[in-house]
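Take a first look at the structure below.

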Amino acid sequence: MSSKDVDRALASPIAEVGLKLLNLPEGQWFDRKSVRAYANNLAPILVALANADVGVIVVGLSNGNVEGIKDHAARINDFRQAAIDHTVPPVRCAVDQIGCINSRGEADSLIVIRVDPGEVVHETKSGECYLRVGDESRKLPHDMRQELAFDRGQGQFDGHPADGARVDDLDERLLRHFRDATRASGTFTQLMQARSLLTRQGTVTNAGYLLFAPQPGELFPQAHIRVIRYLSTQRGSGSRLMLDAESDTRVEGPIPRQIEEAAKFIEQIIPKRRALRASGLFEDEPIVPRDAWLEAVVNAVIHRSYSLGGDHIRVEIFPDRVEVESPGRFPGLADPRRPLEIGRFARNPRIARVCADLRIGQELGEGIRRIFEEMRRVGLTDPVYRQTQSSVRLMLAAIPRLDPAVAARLPPRSQDVLDLLRATAGELGTGEIAEALGVSRPTAMNRLKALQDEGLVLWVGKSARDPRAVWRLE
């Protein structure tokens, strides 16, 4: 479910709106509350949504029933003032009422609270900080709150004004396509305002400019994708540079077109292998599945740091792998050694939401998981994330996972050890491996010994008790 599904339910006829909202699952962008709840009960949800991205809370729905609010008129003002009375600093939100038919068949209303992305870290009046993760509002401990505060400092760059740009400066054809995709009515200005793509003064935000300006490179020269193919598995340098001169291009323009054009070029130049398919015929297929590398490119474009000048997204294609590097580190809340445990956090929430409307990204925090699933589906080793001082690099290698017969002889999750060693591109001690995988030292040693017996890893040390002994891939 995306935020677009919520918008469609809210735009339904009065007789249907309540039931459609009840049928939507609660998630990253949507929560329901009973009209019998106290206004201060909304504070954790308001804070969690503002700290994550955006979202909608509907009051008047509970336990499969459309309660409505007409029998609780005294509480309406409390709900309208909940953000002011119970969050610090007050969460920015718009509060409306929409008509509905309650479960008794009577004309009634629901309260709709649309939460805007926070520019700072918000907390409840009691000093508690929350972050929306899936359908939960998770309370953050002090250290994670500090990391969130750091990330939030640059996380709202997409909401800053774009140097005086106005709606008339944008590509009308792209805006019309956006309006059709959202099934919205009204003017382009109203649509942009509904997606927080305009400031209160009517200036287009950085997000709106990057998404819909004909040439966003005029203000953001770093906002492009460079696609490169190498003739060897190594880049080389100088006279040994292995770059294919005919396969080096820069893809510019508004974000939707960038992704579309980059995907077309990558499809043309990515190495292919001939394999027997389910049809019984030998067919050409890319060395890395299309859905995996495309999701990697989409994630890079949506979540890169556009505030970092002088750097761009690079897609490097080798005979045995695809690497995608984007400016900006993972948010401090994330551990790149455990990518599948990374929670939802959008550096550019406005861009993420519009891309979801356009069906470019699903806005579900599922991008990393999908990349892993696609690589595993075709029997390739897990993706590897590496983080530098200013960027994140993702490697999708055309390396088969362990042979099933070998894997059956090994302890569970031995593949994780191989993926970890490949991710570090170096050597790790037993304790480092245990810590990175979140297991005990004896468990890590058990896996390492089994892998060593299979000739997959090598122990390097001077003696059995050498504190500097390390493991590396054979």
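This report moves from the basis of the model to its parts.

## Basis of the model

This is a predicted model, in which local features need pLDDT of at least 70, side-chain atom pairs count only at pLDDT 80 or more, and totals for chains, interfaces and linings use all residues. Residues are numbered from 1 along each chain as its sequence is written, and side-chain values use heavy atoms, with hydrogens and water left out.

Helices (H or I, at least four residues) and strands (E, at least two) are DSSP runs, numbered from the N terminus. Buried means under 20% relative accessible area, exposed means over 50%, and partly exposed lies in between (1.4 Å probe, protein chains only).

Helix α11 covers residues 290-303. Its 14 residues should span 20 Å at 1.5 Å a residue, and its end C-alpha atoms are 20 Å apart, which agrees. The expected span is 1.5 Å times one less than the number of residues. α11 is mostly covered, with 11 of its 14 residues buried. Among them are Trp293, Leu294, Glu295 and Asn299.

Helix α2 runs over residues 14-23, and its buried residues are Val17, Gly18, Leu21 and Leu22. They cover an arc of only 125° around the axis, which puts them on the same side of α2. The arc is that of the directions from the helix axis to the C-beta atoms. On the other side of α2, Ala15, Leu19 and Asn23 are exposed. An α-helix has 3.6 residues a turn, so residues three or four places apart point the same way.

## The largest pocket

How is a pocket found? On a 1 Å grid over the protein atoms alone, a pocket is an open set of points where a 1.4 Å probe fits, with protein on both sides within 12 Å along at least five of seven lines. Lining residues have an atom within 4 Å of a point. The largest pocket has a volume of about 1,100 Å³. That volume is the space filled by probe spheres set on the points, with grid points joined across faces, edges and corners.

The lining of the largest pocket has 35 residues. Arg114, Gln190, Gln193, Ala194 and Arg195 lie nearest the centre. At least two lining residues come from each of α1 (3-10), β2 (55-59), β6 (93-101), β7 (107-115), α8 (188-194) and α12 (349-357). By class, the lining holds 13 nonpolar, 9 polar and 13 charged residues. Ala, Val, Leu, Ile, Met, Phe, Trp, Tyr, Cys and Pro count as nonpolar, Asp, Glu, Lys and Arg as charged, and the others, Gly among them, as polar.

## Aromatic rings

Rings of Phe, Tyr and Trp (its six-membered ring) pair if their centres lie within 6.5 Å; planes under 30 degrees apart count as stacked, over 60 as edge-to-face and the rest as tilted. By this rule there are 4 aromatic pairs. One of them is the edge-to-face pair of Phe157 and Phe220, with 6.1 Å centre to centre and 80° between the planes. Phe157 lies in the loop between α6 (142-155) and α7 (172-182), and Phe220 in the loop between α9 (206-212) and β11 (225-230), so the pair ties together parts that are 63 residues apart in sequence.

Phe220 is buried, at 6% relative accessible area. Phe157, Tyr209 and Phe220 form one aromatic cluster.

## Backbone details

Which peptide bond is cis? The bond from Val88 to Pro89 is, with omega near -20°. Pro89 sits in the loop between β5 (87-88) and β6.

Arg183 has a positive phi, near 55°, in a residue other than glycine. Arg183 is in the loop between α7 and α8 and is exposed at 65% relative accessibility. Phi of Arg359 is also positive, near 65°. Arg359 lies in the loop between α12 and α13 (367-377) and is exposed, with a relative accessible area of 61%.

## Distances along the chain

Gln97 belongs to strand β6 and is partly exposed at 37%. Val121, in the loop between β7 and β8 (123-124), is buried at 19%. Its C-alpha atom is 8.1 Å from that of Arg145, 24 residues apart along the chain.

Gly426 is in the loop between α15 (414-424) and α16 (430-437) and is partly exposed at 30%. The C-alpha atoms of Gly426 and His177 are separated by 48 Å, at 249 residues apart along the chain.
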